[in-house]
Amino acid sequence: MSAEAGATPDSADREARVRYLLRLADTSLVLAQRLGEWVGHAPALEEDLGLANTALDLLGQARLLYAYAGELEGAGRDEDALAFLREEADFLNVTLAEQPNGDFGDTVVRQFLLDAWQLELYEWLQRSADPRLAAIAAKAVREKRYHLRYSSGWVVRLGDGTEESHARVSASLQQLWPYTRELCDADDLDRKMSSAGVAPDLSGLYAAWLRRVDTVLAEARLERPADTPYLWYGKQGRHSEHLGRLLALMQYLPRVHAGARW
Amino acid sequence: MSTERDWPLYEIFIRARGGLDHKHVGSVHAADAQMAVEHARDVYTRRNEGVSIWVVRSADIVASDPAEADALFEPARDKIYRHPTFYDIPKEVETL
């Protein structure tokens, strides 16, 4: 497909494009909401601010993506409608993003795996055949580089730290690793976007992601867990039990007080 | 939030724009210097305050003793002629 086709999808492709944008946006929004839960509870004031800054960057990425998805969809849904008025099965974030914060090490590992993934993804998307998505990605890449520096710094610090921090962060990695296979498992929508030049081929992206992850894990003296056969499909709307509660909390206010403003 | 600290304190200096000096803005706790830079970035530059960060372990700063303030600074107090305020400045000089 030509670059022009990537820029302006016909109506048949539009729905797929909107769905793909929602995958990206929902992953950022759900992760931002999780990080926001740390505000006032992080192990140190400085970490509190660091996590909140990352959350706000992610929220900004989600807003740009939602606004674009809403325009493309043409059904009159703005970013608020997409974030607050869809239900659990409509959310297309990867399952890893919705996993609970757990302890600080769990949060750091979840963040690291997703930061490395989003950085690879947005680096590629800067060259997307969809120019608006490419522009959003170019902004996101600068933020993601810092996020990854922050989270990988903590993975190394905890992994190569004390006996206890090493044991605990190893357990976090074991627990969260099974959710990473979804990141690289291409489904019909991924393949459609890839062949249109809008999004990357996931298997190639996975190899680059794995190299990035392995480098940090080696420095952190952590062993990469073996892959497990079970696959999650949050990106198709089939989620773990954790997303419903997150959405209930996040969507309560705009649903009860529709149209409320500051 | 935990108040128990075993991270050392770092003093933070921020350069607001190219060409200006780094100015002391405050301090953060951090496990190492790299973390101190990241904390300083998150705490002190989130409103676009800076283009460069210096961090220094607070323990590495040698300070004058406040008890000796008189001995150190009193001798300069009556030497106002050291300020260049006794010159007539020509009107044409605008930005002195």
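In which loop of chain A is the place of Arg221(A)?

## Basis of the model

This is a predicted model, in which local features need pLDDT of at least 70, side-chain atom pairs count only at pLDDT 80 or more, and totals for chains, interfaces and linings use all residues. Residues are numbered from 1 along each chain as its sequence is written, while chains are lettered from A and ligands numbered from 1 in the order in which they are written.

## Loop residues with positive phi

Arg221(A) is placed in the loop between α11 (202-219) and α12 (243-256) of chain A; helices (H or I, at least four residues) and strands (E, at least two) are DSSP runs, numbered from the N terminus. Arg221(A) is not a glycine, yet has a positive phi of about 55°. Most residues other than glycine have a negative phi. With 13 other C-beta atoms within 10 Å, Arg221(A) is partly exposed. A residue is buried if 20 or more other C-beta atoms, placed from the backbone, lie within 10 Å of its own, exposed if 12 or fewer, and partly exposed in between.

In chain B, Asn48(B) has a positive phi of about 65°, although it is not a glycine. Asn48(B) belongs to the loop between α1 and β3 of chain B, and is exposed, with 7 other C-beta atoms within 10 Å.

## Helices of chain A

Helix α2 (residues 11-36) and helix α10 (residues 188-195) of chain A have axes that come within 10 Å and cross at roughly 110°. Axes are lines fitted to C-alpha atoms, for helices over the stretch in contact, and angles run from 0 to 180 degrees between N-to-C directions. α2(A) and α10(A) are therefore roughly perpendicular to each other, a class that covers 65 to 115 degrees, whereas angles under 35 degrees count as roughly parallel, over 145 as roughly antiparallel and the rest as oblique. Ala16(A), Arg19(A) and Tyr20(A) of α2(A) meet Leu189(A), Lys192(A) and Met193(A) of α10(A). The residues of this contact divide into 4 nonpolar, no polar and 2 charged.

Elsewhere in chain A, helix α8 (residues 163-176) contains Gln174(A), which counts as partly exposed with 14 C-beta neighbours inside 10 Å. Gln174(A) and Glu223(A) are 49 residues apart in sequence and 9.2 Å apart in space, C-alpha to C-alpha.

## Sheet and helix of chain B

Chain B has an open sheet of 3 strands in the order β2-β1-β3, with antiparallel pairing; two strands pair if DSSP finds at least two bridges between them. β2 and β3 of chain B stand at the edges with a single partner strand each, so one side of each is left without a neighbour in the sheet. Neighbouring strands of this sheet are turned by 30° against each other on average, direction ignored. The antiparallel pairing of β1(B) with β2(B) extends over 7 bridges, and Gly26(B) in β2(B) is the bridge partner of Ile12(B).

Helix α1 (residues 33-44) of chain B lies across β1, β2 and β3 of chain B, at about 130° to β3(B). Among the buried residues of α1(B) are Met35(B), Ala36(B) and His39(B). Their cover includes α3 and α7 of chain A, together with β1 (9-15), β2 (22-29) and β3 (52-57) of chain B.

## Contact between the chains

The contact takes 10 residues from chain A and 13 residues from chain B; two residues are in contact if their C-beta atoms, placed from the backbone, lie within 7 Å. On the side of chain A that touches chain B, α3 (45-73) and α7 (131-159) each supply at least two residues, and α3(A) gives the most, with 5 residues.

Note on methods. Ala, Val, Leu, Ile, Met, Phe, Trp, Tyr, Cys and Pro count as nonpolar, Asp, Glu, Lys and Arg as charged, and the others, Gly among them, as polar.
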